[in-house]
Amino acid sequence: MPFVPLPPLVSTDWLAERLGRPGFVILDTSWYLPTSGRLATQEYLAGHVPGAVFFDLDAASDRASPLPHMLPSAMAFAAYVGGLGVGTDDTVVVFDGSGSNLSAARVWWMFRAFGHPRVALLDGGIAKWRAEGRPMEAGEVVLAPKVFQASDPGGVRDLRAVEGALAREDAQVVDLRPAGRFAGTEPEPRPGIPSGHMPGAISLPYPELVRADGTMLDPDGLRSVLARAGVRLDRPIIATCGSGTSACALLLALHRLGHEANALYDGSWTEWAGGGMPVARGAP
């Protein structure tokens, strides 16, 4: 099947017109912080976009790593998504229930990092779909396994690369965690991890990238938010957060703006602060 370029975001109308098409896979990629009181699997079973398969972010991560949500190997990712019924030639649409692209942008980025550009994110997620009175389906959807080919991932930075970038100031490190956690005035959701931020990092809480209905700001709106935070689009950017999940909302926004000199610090704050690296506190 020839590759048809996809926009990074698709509307609820766009998705509704394509439900049930062959070669088209919808993934509910919802994931929530352990302190949220929400269980993604229960919400999925209670109701989801018709035909959507549940994508377990924890199961799709490196289970051998002590850090949360680290990228798996290409082989492991291919085995997981192939087992869900995603094939190499399939078009994939991802969504979550956060209203702010907490986890769907991470899965969007994962597919692209592993060499699968035929992936888009449902703008506004399941909340917008439900608010518009569109059809919902309860229970688990199981598809027949397919063969999925994944390439070695790119666009990832480790702790030493981030430490060097901060020291040399040759890339902007942008932290997508909430402002209170960045400032050190609110606790981290993971036990034993202090709040605060990397010295020299820029604060840009990820919910600021979306409107009240969960749809992403238009390009001009994104540029305005980035400018207010002090993020320059003429320089490289490394995105970080608590565990490399919400940071991908910035990578999605940057892709929409045509800014490709960016990467993800996959270990993020959990690795940095948990490993005894320098911690700064105070308002951005």
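**Entry 1: a surface pair**

I began with Asp-170, which is partly exposed at 36% relative accessible area. My cut-offs: buried is under 20% relative accessible area, exposed is over 50%, partly exposed is in between (1.4 Å probe, protein chains only). The model is predicted, so I took local features only at pLDDT of at least 70 and side-chain atom pairs only at pLDDT 80 or more, while totals for chains, interfaces and linings use all residues. Residues are numbered from 1 along each chain as its sequence is written, and side-chain values use heavy atoms, with hydrogens and water left out.

Asp-170 forms a salt bridge with Arg-168, and their closest N and O atoms are 2.7 Å apart. I count a salt bridge when a side-chain nitrogen of Lys or Arg lies within 4 Å of a carboxyl oxygen of Asp or Glu. Arg-168 is exposed, at 54% relative accessibility.

**Entry 2: other salt bridges**

How many salt bridges does this rule give? The count comes to 14.

I looked up Arg-177 and Glu-188 next; their side chains meet at 2.6 Å, N to O. This pair links distant parts of the chain, eleven residues apart. Arg-177 sits in the loop between β7 (172-175) and α7 (179-183), and Glu-188 in the loop between α7 and β8 (202-203). Helices (H or I, at least four residues) and strands (E, at least two) are DSSP runs, numbered from the N terminus. Are these two partners buried or exposed? Arg-177 is buried at 1%, and Glu-188 is buried at 11%.

Arg-232 and Asp-234 also form a salt bridge, at 2.7 Å, N to O. Arg-232 is partly exposed at 44%; Asp-234 is exposed at 56%. I also noted a network: Asp-13, Lys-128, Glu-132 and Arg-134 are joined by salt bridges that share partners.

**Entry 3: the cores**

A nonpolar core here is a set of buried Ala, Val, Leu, Ile, Met, Phe, Trp, Tyr and Cys residues joined through side-chain atoms within 4.5 Å. The largest has 61 residues, and Leu-27, Phe-55 and Trp-109 are among those with the most contacts inside it. Helix α4 gives the most to this core, eight residues. Another core, of 16 residues, lies apart from it and includes Leu-166 and Trp-269.

I checked Phe-55 for contacts (heavy atoms within 4.5 Å). Beyond neighbours within four places in sequence, its partners include Leu-27, Phe-77, Tyr-80, Val-81, Leu-84 and Phe-111.

**Entry 4: helix α3**

The buried residues of α3 (residues 74-84) include Phe-77, Tyr-80, Val-81 and Leu-84. Their cover includes β2 (24-28), β3 (53-54) and α4 (104-113). Gly-85 follows α3, with a positive phi near 105°.
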